[in-house]
Amino acid sequence: MAEDKKPEGPRQQFGDIAPALAGYSEDVLFGQEWEDPDLSSRDRSLVTVASLITSGSSEQLAFHLGKARENGVSDTELIATITHMAFYAGWPKAMSALTVAREVLAED
């Protein structure tokens with residue numbers, strides 16, 4: 001993954017307290033896994049968004065909604081994904097995801 005697409009530099013954010021986890025985030029997750037050609041970046045983004053909704057990880061969801069848009073997922077598709085996940089992850093998690101999505105999708 002290109003340097004400008006990393007999530008605000010995990011090494012910069014957390015390298016002082018968790019250098020190993022920050023390194024795995026940049027090198028393995030965003031360096032190797034996100035670049036694996038077996039799954040398109042667009043599909044990888046949808047899977048990640050769905051997973052974050054399921055786990056209730058709203059803090060990470062904001063970044064990944066933006067990344068999904070960069071990877072070609074439309075706003076309509078993101079809202080449809082959140083709606084679909086309400087039936088599998090639960091209504092409260094979907095509603096929390098909508099709160100995050102409202103802020104992210106309002107950004108240009």
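Which residues make the nonpolar surface patch of about 680 Å²?

1. The structure is a predicted model, and the patch in question is made by I79, F87, Y88, W91, M95 and L98. Two helices, α5 (75-89) and α6 (91-106), each supply at least two residues of this nonpolar patch.

2. One member of the patch, F87, is found in helix α5. F87 has a relative accessibility of 60%, and because exposed means over 50%, this residue counts as exposed.

3. D75 also lies in helix α5, but its relative accessibility is 30%, so D75 counts as partly exposed. When residues up to four places away in sequence are not counted, D75 touches R69 and L105. The C-alpha atoms of D75 and S57 are separated by 19 Å, with the two residues 18 apart along the chain.

4. Helix α3, which covers residues 41-55, has 15 residues, and from its first C-alpha to its last it reaches 21 Å, which is close to the 21 Å expected at 1.5 Å a residue. Just after α3, G56 takes a positive phi of about 70°.

5. A student looking for buried positions may turn to α3, where R44, S45, T48, V49, A50, L52 and I53 are buried. These buried residues of α3 pack against α4 (58-70), α5 and α6, and two of those partners, α5 and α6, each supply at least two residues of the nonpolar surface patch described in the opening point.

Definitions and conventions:
Residues numbered from 1 in each chain as written. Predicted model: local features only at pLDDT ≥ 70, side-chain atom pairs only at ≥ 80, totals over all residues. Heavy atoms only, no water. Patch = residues over 30% accessible without salt bridge, like charges linked within 9 Å, V, L, I, M, F, W, Y side chains within 5 Å. Areas by Shrake-Rupley, 256 points an atom, 1.4 Å probe, with all protein chains shown as cover. Salt bridge = Lys/Arg side-chain N within 4 Å of Asp/Glu carboxyl O. Helix = DSSP H or I, 4+ residues; strand = E, 2+ residues; numbered from the N terminus. Buried < 20%, exposed > 50% of the residue type's maximum accessible area, 1.4 Å probe, protein only. Expected span 1.5 Å × (residues − 1). Contact = heavy atoms within 4.5 Å.
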